[in-house]
Amino acid sequence: MNAMLFSASLLIAVAGPIIALSYLRPILLKVLRSFCDADGGAEFWVRSAYLLAVSGTVFLCLVFGRFDPEASTVDTLRRALLIVIAGVFVTAAFIATRVWGQVQIIQAAQAAAQTAQTAPAWPGDREVQS
């Protein structure tokens with residue numbers, strides 16, 4: 001096993017998700033705070049996302065990385081980048097689908113409330129227009 005390639009791959013596996021989630025963090029906190037009433041709830045979910053993304057990419061790198069002595073440096077780093085990009089993509093897609101699901105629920109509730117406010121209480125309560 002080439003220790004330098006192993007170390008470089010692990011560094012990429014840790015840094016990649018941290019950079020991606022650092023980019024998403026400000027807007028993700030705003031969105032999650034609108035969903036989470038609990039004190040610290042949004043921060044918990046963001047930290048969980050960091051932990052899952054980093055541990056997931058490190059796991060993928062350890063399982064699918066190529067660290068044997070005859071592996072070329074470029075091939076090993078390319079494989080590490082592909083693994084990290086796949087891990088970050090899956091993490092971002094998971095977060096986006098979960099947030100979008102909550103947005104749809106909120107929009108449906110708002111539409112139902114708006115319809116309930118504008119609809120008459122009884123079908124015969126509508127004014128007849130001529």
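Is Leu62 buried, partly exposed or exposed, and what is its relative accessible area? In this predicted model, Leu62 has a relative accessible area of 46% and is therefore partly exposed, since that class lies between the 20% and 50% limits. Leu62 sits in helix 2, which covers residues 41–64. Together with Phe59, Val63 and Phe64, Leu62 makes a nonpolar surface patch of about 410 Å².

Helix 3 comes next. This helix runs over residues 73–118, and its 46 residues should span 68 Å at 1.5 Å a residue. The end C-alpha atoms lie 66 Å apart, in agreement with that expectation. Thr76, Ala80, Ile83, Val84, Gly87, Thr91, Ile95 and Val99 are the buried residues of helix 3, and they pack against helix 1 (3–35) and helix 2.

Phe6 is partly exposed at a relative accessible area of 24%, whereas Phe67 counts as buried at 8% relative accessibility. Phe44 and Trp45 also form a pair: their ring centres are 4.8 Å apart and their planes stand at 75 degrees, so this pair is edge-to-face. Phe44 is partly exposed, with a relative accessible area of 47%, and Trp45 counts as partly exposed at 47% relative accessibility.

Note on methods. Residues are numbered from 1 along each chain as its sequence is written. This is a predicted model: local features need pLDDT of at least 70, side-chain atom pairs count only at pLDDT 80 or more; totals for chains, interfaces and linings use all residues. Side-chain values use heavy atoms; hydrogens and water are left out. Patches are made of residues with over 30% relative accessible area and no salt bridge: like charges are joined within 9 Å, nonpolar side chains (Val, Leu, Ile, Met, Phe, Trp, Tyr) within 5 Å. Accessible areas come from the Shrake-Rupley method with a 1.4 Å probe; for residues, only the protein chains shown count as cover. A salt bridge is a side-chain nitrogen of Lys or Arg within 4 Å of a carboxyl oxygen of Asp or Glu. Helices (H or I, at least four residues) and strands (E, at least two) are DSSP runs, numbered from the N terminus. Buried means under 20% relative accessible area, exposed over 50%, partly exposed in between (1.4 Å probe, protein chains only). The expected span of a helix is 1.5 Å times one less than its number of residues. Contact means heavy atoms within 4.5 Å. Rings of Phe, Tyr and Trp (its six-membered ring) pair if their centres lie within 6.5 Å; planes under 30 degrees apart count as stacked, over 60 as edge-to-face and the rest as tilted.
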